[in-house]
Amino acid sequence: MEKAIRFHQTGGPEVLKLEEVSVGEPGPGEVRLRHVAVGLNFADTYFRNGTYPIPLPAGMGVEAAGVVEAVGPGVSNVAVGDKVTYTGFLNTLGAYSTSRIIAAAPLIRLPEGISCETAAAMTMRGLTSAYLMRRIHDFKAGDTILLHAAAGGVGLIVSQWAKLLGLRVIGTVSTEEKAAVARAHGCDEIINYSHEDVAKRARELTDGVGVNVVFDSVGKSTFMASLDSLKRRGLLVCVGTASGPIDAFNPQLLAMKGSLYLTRPALADYIADPAEKAELAGEIFGHVAAGRIKIEINQRYALEDAVQAHRDLESRKTTGSSIFVI
């Protein structure tokens with residue numbers, strides 16, 4: 001019997017249970033995948049707490065890497081023995097497991113130089129960073145971005161990528177320890193929001209002009225500060241809601257604050273086209289394999305420690321990427 005983390009009701013981390021499961025053989029278009037490492041993402045908590053409603057009981061996790069053990073009829077994109085990684089949404093839910101049956105379509109074969117642990121730590125974060133850097137805005141060298149959660153998994157990749165593009169990066173963090181991590185990965189300036197006014201400081205650092213783009217993964221508690229940090233006709237990219245959903249507001253507010261732009265993108269819409277997904281994956285894996293972007297795995301957990309892993313994630317104790325080692 002294999003093992004998997006499942007939950008039968010929504011709630012706090014304690015609803016996650018380690019259960020024995022039967023995996024079986026792959027059907028048409030499917031593979032049986034033996035996991036080596038599983039990604040831990042803040043988005044996982046949205047499934048667990050009901051922010052993303054799904055039928056229950058359900059598995060947990062949408063990102064992992066491992067080795068293909070068996071393939072079903074009609075599978076041509078991967079073969080037995082291939083090292084692969086994947087990420088997604090409902091079509092990949094159930095990653096917190098030792099082995100699973102999964103559709104072959106979402107799988108990405110790992111290039112040389114990328115281990116399963118690195119892949120599990122970066123596939124979702126890396127593809128997210130790729131579309132943020134390459135699809136959301138036409139960045140020009142010298143542009144300034146404000147990056148919330150700069151010491152998080154996506155934050156560390158975005159800040160490194162931004163420096164490759166010649167951008168100025170202002171990062172926000174909650175502790176001096178996280179500030180040191182963010183600086184080491186490319187942030188030019190740091191705002192510690194535990195004792196600094198984010199918008200006021202962002203204006204000071206830009207001589208009153210404001211930043212070109214804000215990447216905000218925090219949501220409710222930072223929304224207004226993010227708007228107030230932007231220059232005229234700047235762009236707010238809401239990439240997450242770690243502090244809760246953003247309150248309803250009148251769009252006239254965007255005009256009043258400088259004809260601002262607002263977008264709430266989702267990774268699924270940027271990797272739905274297989275060709276675009278391959279292009280984005282090629283860019284991020286290429287940067288990592290060449291050493292231009294480093295992936296920091298700062299927390300490793302056993303699968304049976306999923307409850308503690310979620311507690312650490314939600315209490316902001318983590319930096320960089322976190323994985324389960326199978």
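## Arginines with positive phi

Arginine 233 sits in strand 13. The model is a predicted one. Phi of arginine 233 is near 65°, a positive value in a residue other than glycine.

Arginine 316 is another non-glycine residue with a positive phi, about 65°. Its place is the loop between helix 9 and strand 16 (321-325). Arginine 316 counts as partly exposed, because its relative accessibility is 40%.

## Helix 1 against helix 9

Two packed helices are described by the angle between their axes and the distance between the axes. Helix 1 (residues 42-49) packs with helix 9 (residues 306-314) at an angle of about 110°, and their axes are 10 Å apart. Helix 1 is therefore roughly perpendicular to helix 9. The crossing of helix 1 past helix 9 is left-handed.

Which residues in helix 1 and helix 9 meet? Helix 1 brings Phe42, Asp44, Thr45 and Arg48. Helix 9 brings His310, Leu313 and Glu314. By class, the residues of this contact are two nonpolar, two polar and three charged.

## Around helix 1

Helix 1 has these buried residues: Asp44, Thr45, Tyr46, Phe47 and Arg48. What covers them includes strand 1 (2-7), strand 3 (30-40) and helix 9.

Ring pairs link Phe42, Tyr46, Phe47, Tyr52 and Phe89 into a cluster. Glycine 50 follows helix 1 and has a positive phi, near 95°. Proline 57 is in the loop between helix 1 and strand 4 (58-59). The peptide bond from leucine 56 to proline 57 is cis, with omega near 0°.

## Helix 2 against helix 3

Helix 2 (residues 116-134) has helix 3 (residues 153-164) as a partner. The axes of helix 2 and helix 3 come within 9 Å and cross at roughly 40°. Helix 2 is therefore oblique to helix 3. Their crossing is right-handed.

From helix 2, the residues in this contact are Arg125, Gly126, Thr128, Ser129, Ala130, Leu132, Met133 and Arg134. They meet Gly153, Val154, Ile157, Val158, Trp161 and Ala162 in helix 3. The contact divides into eight nonpolar, four polar and two charged residues.

## Aromatic pairs

How many aromatic pairs does the structure hold? There are 10. A pair of aromatic rings is described by the distance of the centres and the angle of the planes. The rings of tyrosine 131 and tyrosine 270 are stacked, because their planes are at 5°, with the centres 4.3 Å apart. Tyrosine 131 lies in helix 2, and tyrosine 270 in the loop between strand 14 (261-263) and helix 8 (274-289). The pair therefore ties together parts that are 139 residues apart in sequence. Tyrosine 131 is buried, with a relative accessible area of 2%.

Phenylalanine 223 and phenylalanine 249 form a tilted pair. Their ring centres are 5.1 Å apart and their planes stand at 45°. This pair links distant parts of the chain, 26 residues apart. Phenylalanine 223 is in helix 6 (residues 223-229), while phenylalanine 249 is in the loop between strand 13 (230-238) and helix 7 (252-256). Phenylalanine 249 counts as partly exposed, at 30%.

## Serine 229 in helix 6

Serine 229 is also found in helix 6. Serine 229 counts as buried, because its relative accessibility is 0%. What does serine 229 touch? Beyond residues up to four places away in sequence, its contacts are Leu146, Val198, Ala199, Ala202, Arg203, Gly210, Val211 and Val214.

Leucine 127 is 102 residues from serine 229 along the chain. The C-alpha atoms of serine 229 and leucine 127 are separated by 26 Å.

Terms used:
Residues numbered from 1 in each chain as written. Predicted model: local features only at pLDDT ≥ 70, side-chain atom pairs only at ≥ 80, totals over all residues. Heavy atoms only, no water. Axes fitted to C-alpha atoms, helices over the stretch in contact; angles between N-to-C directions. Helix = DSSP H or I, 4+ residues; strand = E, 2+ residues; numbered from the N terminus. Parallel < 35°, antiparallel > 145°, perpendicular 65-115°, else oblique. Left-handed = near helix turned anticlockwise from the far one by under 90°. Contact = heavy atoms within 4.5 Å. Nonpolar A, V, L, I, M, F, W, Y, C, P; charged D, E, K, R; others polar. Phe/Tyr/Trp six-rings, centres within 6.5 Å; stacked < 30°, edge-to-face > 60°. Buried < 20%, exposed > 50% of the residue type's maximum accessible area, 1.4 Å probe, protein only.
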